[in-house]
Amino acid sequence: MSGGTRLENANPLVFQRSGERLLTATDEDENVADPIDDREIFDILIRTVLSQSINDPEHPLSLEELNVVEQLRVNVNDQDSTVAVEFTPTIPHCSMATLIGLSIKVKLLRSLPGRFKIDVHITPGTHASEDAVNKQLADKERVAAALENSQLLEVVNQCLSSRAISGE
Amino acid sequence: MAADSALLLGLVEEFVTGQQDSKAEETATGVKNGQFTILQLVEALGLSLTSSEPQTRGRGVQLLSQVLQQCYGNLQESEVEVLVTFYENRLKDHYVIMPHVLEGLKALTKCLVLPPGSAVSILKSVFQDAHVQSLMLAQRSCVYCILINLMDSREEELKGLGSDFVFGFVQSMDGERDPRNLLLAFQIARKIITQGYEMGKFTEEFFEVTSCYFPIDFTPPPNDPHGITQEELILSLRAVLTGSQRFAEYLLPLIVEKLDSDVQSAKVDSLQTLAACGSLYGHKELSEFLPGLWSSLRREVFQTASEKVETAGLSAVSALVASLSRSVLSSDSEDVLHVFLDLILKDCLHHLAEPDLKLVWPSAKILQAASNASYRASLKVMSAVMPSLLEQYNTQTQVSRERQHPDNVLVEFQKPLCSAVFSALAESSAGLQITATRLLTSLGKQSGEVSNDVPLLLLLLVKSVLANHFCSLSSSLAVMECCGALAYIYPEAFAMRMVPRLKEAIFSAVRRRCVTALASVSSQPSLVQESVPVLLQILTSAHTGMGNSFSSDEVTSVCHSLQRIAEQAGQDPEVGQIFHDIVIPRLLGLAIQAALQGETLSHWPAHQVHYASLMASRAVRLFLDGDVSFLPENAFPSNLQLLKVNSCYQTRTVCLLMACVCSLPRSVEIPEVDRLLVELEELSFTCLHPFSYTSAAKCFAGLINKRPEGRTIKTLLLRYHPLSTSLTDKLFSLLGDSELASHAADGFYLLMSDSPDVLNRGCHANVRIMYRQRFFAENSAKLVQSFNSARKAAYLKALSHMVNNLPKQVQLTELPALLPLLLEALSCPDQGVQLSTLSCLQPVLLDPPAALTTQLDGLVARLLALNSSPSMKVRIASLRCILALSHLPDHLVLPFRAKILQALAVPLDDKKRLVRKEAVLARGEWFLLGNPGR
């Protein structure tokens, strides 16, 4: 980010990060099955390992710090095998909304068992072209086609790569 | 004489027309020996120098120049004068001759006897007749050398030239492109500035001709033989540009312009150059450009994504503020420092009011940088920032902003700051408490400044130690640290005010914190004297049963605290004395008494005795390091009988004995050592109580280690004693035994790992270097040999224990031979072996040896098979290894990508969350493999 280019939103609100998930005794117990829960999905998106969190390509801050993804807006039903994630763009005209949504979707596709049905959409009322973005994200074929595009795939992978931490 | 001149003519002839370069060397030797003079050489050259062929003339001059280069020290002033005139004339000659002429002049400028006036005339001719930038690289360098030589020896004469000299130089270096020559040119430029040559009306030209290289972008070619780095060029150019205040009006706009660049290195260079200006420039130079500079600096710090740029920007801010604070004000000018700080405050202050927004951090950093620069600046910044911070603090207590206080010059704000800290301490947010205590520590370290407030501070600390709301672990840790740091500076105050308070509170509900606090403040002898009796008193009362309220945990923590005090004391003989005189006798007494009372003492559990013994060992070590004459004879005569009694409560005290005896330096003789050994041996084989017999065995081992002649294998191993081999063989044969095999394998773990309480260097044990490597080298072969026998599992276990404890370098060299075995171990059904092998493989995979590449197939298959192991630890470890594999070079692992991605889909649905977590990590990395944007 050089001095010449101007950021869309140079001074965003920064939110506190939630702490590491605490280990409980049942986590270590071989005989207890842990169901996949909201927090686990949230951690996959945000804090699997901090460096692997999806970075908004515009800001070297994690999506959690920008409040794009909140645990509140992650809904999992392990038995029915469904996941629904709502994300909130930092500003109503954020041009990156589709890319962020796509990155979230790809991360979930790669990290969840195949039985899950994954639904990613914008938090209602937080983006100017909400419907259009949601439609794109819900369309399986368009998502698949987008990932065929090697330039787009590169950007998505950069978001998901452990090496995309700073703005270098 | 005639023969000599004939010889000289011959040499000249062969050099000029015969083209034999070696003849120059011979001629030079002749001149040096006094065989011929320079004038004779010139005469002999006569024909060639007047020849109509430029090539021949060139050859002649070349010979003369080469001789001069070696013989310039032998010349007379009159000779030099003639030669200078000759060369100056030659400068007008054909271009073929020019290189040799310059070489000759370079040699002449090194002459100490250069006649007055020649320097000026040489320079004038060079500037006039040689168009420097049309010359070849080597000749340009020659011109720069001539300049440097003359500047070194004839400074006064050159200054007589006035600004013409600078003009000549500017013309010569204008357009220079070679980095080697640039270094020379920058050196000259730097000299012109520092030695005060007159620049006159050419100041701007001089700046232009050097600043056109700024910022330097130079990548040395690969295998560069000259070894010039970009760094070197940057630094020498920066020295020129920032060398004079007269450049300020040109340099500062240039920096502002370059800061707009998109190239990060250019920004960093500009910011660093700006910071370098700070040391020379004053308000006169800076004032005009401050608004422009500030807006660029603000943009860089606020918007950069690079830490380098931010750091450089902040240090530039500091440098500017420092230089503004330094400059002397004239009566009619306003204080530029205030103007600049006002600018900064105007832009930063309002960001502080919005602590949830991103820009609050860069703003705080800028303010810190500014206020750290000088006393005056910090006064101004503080007075502006503090009220708003305090106000903010009062209104919203959630987030701590205290880190913006710089660690210096806070006198003015002592009162409000202290009250802020006080109220922060009273808050319930753990983060706030920690920051507040840290701040308190740093305040306390500014000795002198808070000394008036020490009583107040102490009151506060005592309150926080005792306060119930200090429940979170990290905040009480911070308080303890703070106590420790301050107690080191103000031991008297702590002894007077804090220790008594803690003593009173020792029987209250928060006694454990009191105990820890006592331990952390006991860093000075005077404090140890106060605090140790209190701790001992607790032990006594716990022991006599009077303080039934003390749980065994608490007693343990008391012992732990004593141990910590002993550790903190280091080599302090005074503390050692206290321990020797008071603590050890009391402890031994208590321990033995407790042992004799037998089973009634349920609150004297084994691990606590263990602590006490550790403590005693540290104390003994501490004391004896200073004073070897002390022999602990009187300390444990009664112990010997204790060893015979077969009650496990009494035999436990053997570990106390171990602690004392085994920590003694080798030079101290232990009384009745033989009898002791016999009894210990007996005890270790007969006693059924595990704690006792291991202690006895350890003690035995510790003693053996120090015997002048001589669990015992480890001892011998440490000394690399020949006996050890036979004992090891015994262990090997046990591996074949069906019942003991597993225990024997664990024995190898004991041999290879470090034990914390005996047999380490700290206990003066006789440890040979590299005993592990030697042991491994001798025994791994045996293991591999007997591997094919029936007891595979035990051998593999032994092997993986051995490899696990080896240093990494050794592991890497041994790995090729062992790899097949380790792979075999992966498919061994014993989970312990699998886990141990995986944990030994994983670090190796991060930096894999070449031998691994041929085994990848088998490795991947075995790792994937382990993913369905019933033990979650094995599953986790194997997933970690698979993750590590993804970092191998692409061409090696790409063939496995599809297979692994498919296989990893299964653990994504594992029933354990911890396993799924590893699977997600590993699968994510494998997905990126070979894809764009990795």
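Me: Is B:A119 buried or exposed?
Reply: B:A119 is buried, at a relative accessible area of 0%. Buried means under 20% relative accessible area, exposed over 50%, and partly exposed in between, with a 1.4 Å probe and protein chains only. This is a predicted model, where local features need pLDDT of at least 70, side-chain atom pairs count only at pLDDT 80 or more, and totals for chains, interfaces and linings use all residues. Side-chain values use heavy atoms, with hydrogens and water left out.

Me: Which helix does B:A119 lie in?
Reply: Helix α7 of chain B, residues 118-129. Helices (H or I, at least four residues) and strands (E, at least two) are DSSP runs, numbered from the N terminus.

Me: What is B:A119 in contact with, leaving aside neighbours within four places in sequence?
Reply: B:L114, B:L150, B:R154, B:E157 and B:L158. Contact means heavy atoms within 4.5 Å. B:E157 is 38 residues away along the chain, and its C-alpha is separated from that of B:A119 by 7.2 Å.

Me: Now B:S65. Where does it lie?
Reply: B:S65 lies in helix α4 of chain B, residues 54-71. Its relative accessible area is 1%, so B:S65 counts as buried.

Me: What does the side chain of B:S65 reach?
Reply: It reaches the backbone oxygen of B:H100 at 2.7 Å. A polar atom of the B:S65 side chain also lies 3.4 Å from the backbone nitrogen of B:G104. Not counting residues up to four places away in sequence, B:S65 touches B:Y87, B:H100, B:E103 and B:G104.

Me: Which residue forms a salt bridge with B:K912?
Reply: A:D34, with the closest N and O atoms 3.3 Å apart. The pair crosses between chains, from the loop between α48 and α49 of chain B to the loop between α1 (25-28) and α2 (38-46) of chain A. Both B:K912 and A:D34 are buried.

Me: And what about B:D152 and B:K191?
Reply: They form a salt bridge too, the closest N and O atoms being 2.5 Å apart. B:D152 lies in helix α8 (residues 137-153) and B:K191 in helix α11 (residues 179-194) of chain B, so the pair ties together parts 39 residues apart in sequence. B:D152 counts as exposed, at 52% relative accessibility. B:K191 counts as buried, at 15%.

Me: Which residues do salt bridges that share partners join into one network?
Reply: A:D37, A:E40, B:R913 and B:R916.

Me: Why is α49(B) largely enclosed by the rest of the structure?
Reply: Because 15 of its 16 residues are buried. Helix α49 covers residues 913-928 of chain B. After α49(B) comes B:G930, whose phi is positive, near 70°.

Me: What is the mean pLDDT of chain B?
Reply: It is 70, and 55% of the residues of chain B reach 70 or more. pLDDT is the predictor's confidence in each residue, from 0 to 100.

Me: Where in chain B is confidence lowest, and where highest?
Reply: Lowest in helix α32 (residues 639-644), at a mean of 42, and highest in helix α48 (residues 897-904), at 90. Over residues 396-416 of chain B, pLDDT stays under 50. Where pLDDT is low, the predicted coordinates should not be read in detail.

Definitions and conventions
Residues are numbered from 1 along each chain as its sequence is written. Chains are lettered from A and ligands numbered from 1 in the order in which they are written. The expected span of a helix is 1.5 Å times one less than its number of residues. A polar contact is a pair of N or O atoms within 3.5 Å; within protein, one must be able to donate a hydrogen and the other to accept it, and residues adjacent in sequence count only if both atoms are side-chain atoms. A salt bridge is a side-chain nitrogen of Lys or Arg within 4 Å of a carboxyl oxygen of Asp or Glu.
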